Amino acid sequence: QLQASGGGLVQAGGSLRLSCAASGRTFFNTYVMGWFRQAPGKEREFVARISSSGDNTYYADSVKGRFSISRDNAKKTVYLQMNSLKPEDTAVYYCAVAPILTTNLLHYAYWGQGTLVTVSS
């Protein structure tokens, strides 16, 4: 089970740090972790992903240079540091796991419940 947290209301230009913690019996350190987001009326989209060891990251063009994904396998937690936030970043953010390095959400499973990020202009 994945539990995302850290969302909230922030002004444009501000920062937030999202966390996604895995619970239960997991092999957390063997999975790729990804962050996705879904804005109202839009489809869920890829944001960032990180390899099982944490040494390989990839970002959507829309967040590159502003967001940073990291993980702590000892804590079974993945993070998304979001800086220079824009109103268009407003969405529910989800974390999920995948067995391979991919940006395709169809390969991800065990979606958390999501955490809402609202960026005001």
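Analyst: Residues 24 or more positions apart make up 55% of the chain's contacts with a separation of 6 or more. The model is predicted. Its secondary structure consists of ten strands and zero helices. Along the sequence the pattern reads β-β-β-β-β-β-β-β-β-β. The radius of gyration is 13 Å, close to the 14 Å that the globule rule gives for 121 residues, so the chain is as compact as a globular protein of that length. Its C-alpha atoms fill a box of roughly 40 × 25 × 25 Å along the principal axes.

Now the core. Of the chain's 121 residues, 42% count as buried. The largest nonpolar core has 35 residues. Within this core, Trp35, Leu80, Met82 and Tyr93 touch the most other members. Two or more residues each come from β1 (2-5), β3 (16-22), β4 (32-38), β5 (45-50), β7 (67-72), β8 (77-82), β9 (91-98) and β10 (115-120). The largest share, six residues, is supplied by β9.

Neighbours within four places in sequence are set aside here. Met82 then contacts Gly14, Ser15, Leu16 and Leu18, among others. Arg66 and Phe67 are also in contact with Met82. Tyr93 and Val117 complete the list for Met82.

Last, the surface and the charges. The chain exposes about 6400 Å², and carbon and sulfur atoms supply 49% of that area. There are 12 positive and 7 negative side chains. The centres of these two sets lie 7 Å apart.

Terms used
Residues numbered from 1 in each chain as written. Predicted model: local features only at pLDDT ≥ 70, side-chain atom pairs only at ≥ 80, totals over all residues. Heavy atoms only, no water. Core = buried A, V, L, I, M, F, W, Y, C linked by side-chain atoms within 4.5 Å. Buried < 20%, exposed > 50% of the residue type's maximum accessible area, 1.4 Å probe, protein only. Helix = DSSP H or I, 4+ residues; strand = E, 2+ residues; numbered from the N terminus. Contact = heavy atoms within 4.5 Å. Rg over C-alpha atoms; globule rule 2.2 N^0.38 Å. Areas by Shrake-Rupley, 256 points an atom, 1.4 Å probe, with all protein chains shown as cover. Lys, Arg positive; Asp, Glu negative; His and termini not counted. Charge placed at Lys NZ, Arg CZ, Asp CG, Glu CD.
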